[in-house]
Amino acid sequence: MYKFSYAEILDDSGGESRAREQMALDHALELLHVAEIRGSGSPEAAEALGYVNKLWNFMIRDLASPQNGLGQELRRDLISVGLWIIREAENVLVDPSRNFAALIEVNQTIRDGLK
C-alpha cells in the first residue's frame, strides 16, 4: 500500500512538472509573439530573448541531470534542440534582419509535445 501511494505521488509530480514546463513555454511564446510584432531591436525582443535563454539554460541543466527521468536519447535530443534555441536567440538579438519565426515554431513544437 505504501509503495502504491508513493508511486502515485511520483506520477503526479511528473505531471505537475510537465504542466510547469508547459506554462513556462507558453510564457516564452507570448513574449516571442510580442517581440515579433515590435521588432528585433525593441525592448520586448530583448526581454523575450533573455527569457528564452534563461528558460532553455535551466531546462538543459535539468535534462543533463542524472536524476532526470527521461530516456537518455530523448534527453540528448532535447539538449541539442535547446542549444540550437539559445544560439538562434543570440543570432536574432545581434542581427536585426532575422525574425522570430523559427524560435516560435520550435518552442511551440516542444510545448505541444508536453501535452
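Predicted model: local features only at pLDDT ≥ 70, side-chain atom pairs only at ≥ 80, totals over all residues.
Two packed helices are described by the angle between their axes and the distance between the axes. For α2 (43–64) and α3 (residues 72–94), the angle is about 160° and the axes lie 9 Å apart. Because angles over 145 degrees count as roughly antiparallel, α2 is roughly antiparallel to α3, and the crossing of this pair is left-handed. On the α2 side, the contact is made by A46, L49, V52, N53, W56, N57, I60, L63 and A64, and on the α3 side by R75, L78, I79, G82, L83, I85, I86, A89, E90, V92 and L93. Divided by class, the residues of this contact comprise 15 nonpolar, three polar and two charged.

Helix α3 also packs against helix α4 (residues 101–113), at an angle of about 155° and with the axes 10 Å apart. The two helices are therefore roughly antiparallel to each other, and α3 passes α4 in a left-handed crossing. In this contact, L78, V81, W84, I85, E88, A89 and V92 of α3 meet A102, L103, V106, N107 and I110 of α4, and the residues involved fall into 10 nonpolar, one polar and one charged. Residues of α3 that meet α4 include L78, I85, A89 and V92, and these residues are also among those that α3 contributes to its contact with α2.

The largest pocket holds about 660 Å³ of space. Its lining is formed by 23 residues, among which S17, E21, D62, N68 and L70 lie nearest the centre of the pocket. By class, the lining of the largest pocket consists of 11 nonpolar, eight polar and four charged residues.

Notes:
Residues numbered from 1 in each chain as written. Heavy atoms only, no water. Axes fitted to C-alpha atoms, helices over the stretch in contact; angles between N-to-C directions. Helix = DSSP H or I, 4+ residues; strand = E, 2+ residues; numbered from the N terminus. Parallel < 35°, antiparallel > 145°, perpendicular 65-115°, else oblique. Left-handed = near helix turned anticlockwise from the far one by under 90°. Contact = heavy atoms within 4.5 Å. Nonpolar A, V, L, I, M, F, W, Y, C, P; charged D, E, K, R; others polar. 1 Å grid on protein atoms, 1.4 Å probe; cavity = no way out; pocket = protein on both sides within 12 Å on 5 of 7 lines; lining within 4 Å. Points joined across faces, edges and corners; volume = space filled by probe spheres on them.
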